Amino acid sequence: MSDLLKTMASSVSGMAAQSARLRLVSENIANADTPGYRRKLVPFEQVLEGHGQAGAVRTGKMHLDTSELESVFQPSHPMADEDGYYQGSNVNLMLEIADAREAQRSYEANLKMFDQARHMTSSLLELLRR
Amino acid sequence: MKFDIGILRMANDLAVHAAARQAVISENIANADTPGYKARDITSFSDSFVEAVDAPKAMRPARAGHLAINTNMHKYDIFEDAAFGAESPNGNSVSIEDQMVRAAEVRQQHQLALGIYNKSMDILRAGMGRIR
């Protein structure tokens, strides 16, 4: 029984981490056209239990992508410099969509594991109900 | 009288093994996107069963008041086991598809264990003259 509860706990941690990632992806997409915006990234880390055994997952400290900001040529823009360029964001929409797909896929896998553990628990309890 | 029926114990062990394997698989899936994580699995039921049968007999309580050492508490060996070619550039070796197949095996195994348990109990009840 405790193994099944542990299953649910690690699935829940996985879902929480994936939804945090999905939240950052949507923030990045929302700010794709904000001048000077740097895309946010979050690393995944294993949560180590007592004797070096990996169990759940968690998201680490959020950091910003330090890659070059896109230079956009638009002389009429209020933030444009003397050459007519201003700094856009470094959000790559294709990358964000791919990231969102991966997050969704992993979220569904975690959900499926949670559902299976729940199903196993309930059929176990069904034995007592006779 | 000690109520110890081999088939019920075996069904119990099978269900315990299924739950332990399910825990490891869900950890793998939770860490499906963690850089450097290696997919893991536990000893198969048949291997762990053979080990348990071959192992020298554990200590048995000599009197009713003694504490028994719980030999049913299995500790399965956990080892790294990834599908062929599942390693991604960030060092993660979890393939969600592979883990799903393993989870389906686990589900089947758990259902089998509970089914055997149920059936054996029905037979016992029938033997006592009480058919459900």
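In this predicted model, helices α2(A) and α1(B) cross in a left-handed sense. The two helices, residues 93-126 of chain A and residues 6-30 of chain B, pack with their axes 9 Å apart and at an angle of about 165°. Since angles over 145 degrees count as roughly antiparallel, α2(A) and α1(B) are therefore roughly antiparallel to each other. On the α2(A) side, the contact is formed by A109(A), N110(A), M113(A), Q116(A), A117(A) and M120(A), and these meet A19(B), Q22(B), I25(B), S26(B), I29(B) and A30(B) of α1(B). Sorted by class, this contact holds 8 nonpolar and 4 polar residues, with no charged ones.

Leaving aside residues up to four places away in sequence, A20(B) touches D3(A), I42(B) and Y76(B).

As for chain B as a whole, its elements follow the order α-β-α-β-α from the N terminus, giving 3 helices and 2 strands. Of the 132 residues in this chain, 25% are buried. Among chain B contacts with a separation of 6 or more, 75% link residues 24 or more positions apart.

Terms used
Residues numbered from 1 in each chain as written. Chains lettered and ligands numbered in written order. Predicted model: local features only at pLDDT ≥ 70, side-chain atom pairs only at ≥ 80, totals over all residues. Helix = DSSP H or I, 4+ residues; strand = E, 2+ residues; numbered from the N terminus. Buried ≥ 20, exposed ≤ 12 C-beta atoms within 10 Å, placed from the backbone. Contact = placed C-beta atoms within 7 Å. Axes fitted to C-alpha atoms, helices over the stretch in contact; angles between N-to-C directions. Parallel < 35°, antiparallel > 145°, perpendicular 65-115°, else oblique. Left-handed = near helix turned anticlockwise from the far one by under 90°. Nonpolar A, V, L, I, M, F, W, Y, C, P; charged D, E, K, R; others polar.
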